[in-house]
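Subject: Structure handover

Hello,

Here is the structure for your files.

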Amino acid sequence: MAVLKIDVVSDVVCPWCYIGKRRLENALNELPKSTEIEIEYHPFELNPSVSQSGINLREHLVDKFGGEEQYDHQLDRTAYVAKQEGLEFNLKNQLLSPNTRKMHALIVGAKVLGIQKELTEAFFKAYFTDAIDLTQEETILEITETSGMPREFAKSIMDSPERLKDVEMREQQYASMGITGVPFFIINEKYGVSGAQTSETFAKILREALEEACV
């Protein structure tokens, strides 16, 4: 049986990571139903220095893009691209950009429960579509519980210095591999794909990887 192992390096406050996730999923739907697919999500913090209380997102992006006009243009453009993939972006309603390390620790921990995909999707939707404040621990716990992770388990992860240190070490590992931006996809531990490629491009790469795996 053909097997595809896909490692996804991303951050839950990265718009192109959400778009890339959906494009990858659309491409996977084009593969033979018999294909065995294993996807694992890995941490990358766009801004690891953000405090637990978060930062004002609008001010941050206005400064990053170089002014109000550029801010509006960039967010409108990203929302338009997201809409083409069936995603609703309401980033202008999002007040705060959170520190994402604890959410990454939860996503790593979700692997043993088999719910990494569901939890990652839930965090993306909460941030980009529902404009939910992800600086609040109680809110994060509610999201993880809804996604299938027992609250006690989630709380133990968030409170664990070892779990948070593990996230940092994983990020350092990928940085040592030359990954400086996300999303980044590693297919069958061989092919590296940078950025939110189109579904057609993903499908082409995935088919090539499958053909090679079957040789």
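The notes below go through the helices, the core, the aromatic rings and a few backbone details. Please keep in mind that this is a predicted model.

Helix H8

H8 covers residues 161-176, which makes 16 residues. From its first C-alpha to its last it reaches 23 Å, close to the 22 Å expected at 1.5 Å a residue. Its buried residues are Val167, Glu171 and Tyr174. Seen down the axis of H8, the buried residues fall within an arc of 65°, so they line one face of the helix. Pro161, Glu162 and Ser176 are exposed on the other side of H8. The elements that the buried residues of H8 pack against are strand S1 (3-10), strand S2 (36-43), helix H4 (101-109) and strand S5 (184-187). After H8 comes Gly178, which has a positive phi, near 95°.

Helix H7

In helix H7 (residues 151-158), Ala154, Ile157 and Met158 are buried. They cover an arc of only 95° around the axis, which puts them on the same side of H7. H4, helix H6 (137-146) and H8 are among the elements that cover the buried residues of H7.

Core

The largest nonpolar core has 63 residues. Which of them touch the most other members? They are Leu4, Leu24, Leu106, Leu119, Phe123, Met149 and Leu206. As a general background, nonpolar side chains tend to be buried together in soluble globular proteins. For Leu206, leaving aside neighbours within four places in sequence, the contacts are Leu4, Ile6, Leu24, Ala27, Leu28, Leu31 and Ile187.

Aromatic rings

There are seven aromatic pairs in the structure. One of them is formed by Tyr18 and Phe89, and this pair is stacked, at 5.9 Å centre to centre with 20° between the planes. Tyr18 lies in helix H1 and Phe89 in the loop between helix H3 (68-84) and strand S4 (96-97), so the pair ties together parts that are 71 residues apart in sequence. Tyr18 is buried, at a relative accessible area of 2%, and Phe89 is buried as well, at 10% relative accessibility. The rings of Tyr127 and Phe128 have their centres 4.9 Å apart and their planes at 90°, so this pair is edge-to-face. Tyr127 and Phe128 are both buried. One aromatic cluster is made up of Tyr18, Phe89, Phe124, Tyr127 and Phe128.

Tyr127 is part of helix H5 (residues 116-129), and its relative accessible area is 2%. Which residues does Tyr127 touch, not counting those up to four places away in sequence? The contacts are Val12, Val13, Leu57, Leu91, Gln94, Leu96, Ser97, Pro98 and Leu134. Of these, Gln94 is 33 residues from Tyr127 along the chain, with 7.2 Å between the two C-alpha atoms.

Arg23 sits in helix H1 (residues 15-28). Is Arg23 buried or exposed? Arg23 has a relative accessible area of 11%, so it counts as buried, the cut-off being under 20%. Not counting residues up to four places away in sequence, Arg23 touches Val81, Glu85, Ala196, Gln197, Thr198, Ser199 and Phe202.

Cysteines

The number of disulfides in the structure is zero. Cys14 is buried at 4% relative accessibility, and Cys17 is buried with a relative accessible area of 3%.

Backbone details

The peptide bond from Val182 to Pro183 is cis, and its omega is near 10°. Pro183 belongs to the loop between H8 and S5. Two residues have a positive phi although neither is a glycine: Ala131, at about 55°, and Asn188, at about 50°. Ala131 is in the loop between H5 and H6. Asn188 is in the loop between S5 and strand S6 (191-194), and at 25% relative accessibility Asn188 counts as partly exposed.

Regards

Conventions: Residues numbered from 1 in each chain as written. Predicted model: local features only at pLDDT ≥ 70, side-chain atom pairs only at ≥ 80, totals over all residues. Heavy atoms only, no water. Helix = DSSP H or I, 4+ residues; strand = E, 2+ residues; numbered from the N terminus. Expected span 1.5 Å × (residues − 1). Buried < 20%, exposed > 50% of the residue type's maximum accessible area, 1.4 Å probe, protein only. Arc of directions from axis to C-beta. Contact = heavy atoms within 4.5 Å. Core = buried A, V, L, I, M, F, W, Y, C linked by side-chain atoms within 4.5 Å. Disulfide = S-S within 2.5 Å. Phe/Tyr/Trp six-rings, centres within 6.5 Å; stacked < 30°, edge-to-face > 60°.
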